[in-house]
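Colleague: Please take one part of this model and look at it closely. I would like the salt bridges, residue by residue, and then the setting around them.

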Amino acid sequence: MAKKNFLSKVFHLYYDGFRSMTLGKTLWAIILIKLFIIFVVLKLFFFPNFLKQHAGGDEPSYVAKELVDRAK
């Protein structure tokens, strides 16, 4: 029972804190937009799927061949 009470208090602490924010909501929105840009937009344009382009559908054998060739 004490653990549930503690978790409830922690939840309500954060819930009330985020609910009463004014400037913080704007800052969180900026942070989320930046994370979206970093992980989605940059991934699409600057990090192409190298393995799919060079393996031709047989990725495991391509990786094995490259590892063996580079170990020689």
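Modeller: Start with one pair. E66 and K65 join their side chains in a salt bridge, 3.8 Å from N to O. The term salt bridge stands for a side-chain nitrogen of Lys or Arg within 4 Å of a carboxyl oxygen of Asp or Glu. K65 is partly exposed, at a relative accessible area of 46%. On this scale buried is under 20% relative accessible area, exposed is over 50%, and partly exposed lies in between, with a 1.4 Å probe and protein chains only.

A word on the source. This is a predicted model, in which local features need pLDDT of at least 70 and side-chain atom pairs count only at pLDDT 80 or more, while totals for chains, interfaces and linings use all residues. Residues are numbered from 1 along each chain as its sequence is written, and side-chain values use heavy atoms, with hydrogens and water left out.

Back to K65. Its side chain also meets that of D69 in a salt bridge, at 3.4 Å, N to O. K65 and D69 are four residues apart in helix α4, so about one helical turn separates them. Helices here are DSSP runs (H or I, at least four residues), as are strands (E, at least two), numbered from the N terminus. D69 is partly exposed, with a relative accessible area of 38%.

Now E66. The side chain of E66 forms a salt bridge with that of R70, 3.5 Å from N to O. R70 is exposed, at a relative accessible area of 68%.

K65, E66, D69 and R70 are linked in a network of salt bridges. The count by this rule is four salt bridges.

How confident is the predictor here? Helix α4 covers residues 59-71 and has the highest confidence in the chain, at a mean pLDDT of 90. Helix α3, residues 50-55, has the lowest, at a mean of 82. pLDDT is the predictor's confidence in each residue, from 0 to 100. For the chain the mean is 86, and 96% of residues reach 70 or more.

Between those two helices sits a loop. G56 lies in the loop between α3 and α4. G56 is exposed, with a relative accessible area of 68%. From G56 to T26 is 30 residues in sequence and 45 Å in space, C-alpha to C-alpha.

Last, the whole chain. There are four helices and zero strands. The order along the sequence is α-α-α-α. The C-alpha trace spans about 60 × 35 × 20 Å along its principal axes. The radius of gyration is 24 Å, whereas a compact globule of 72 residues would have one near 11 Å. That radius is taken over C-alpha atoms, and the globule rule is 2.2 Å times the number of residues to the power 0.38. Of the 72 residues, 4% count as buried.
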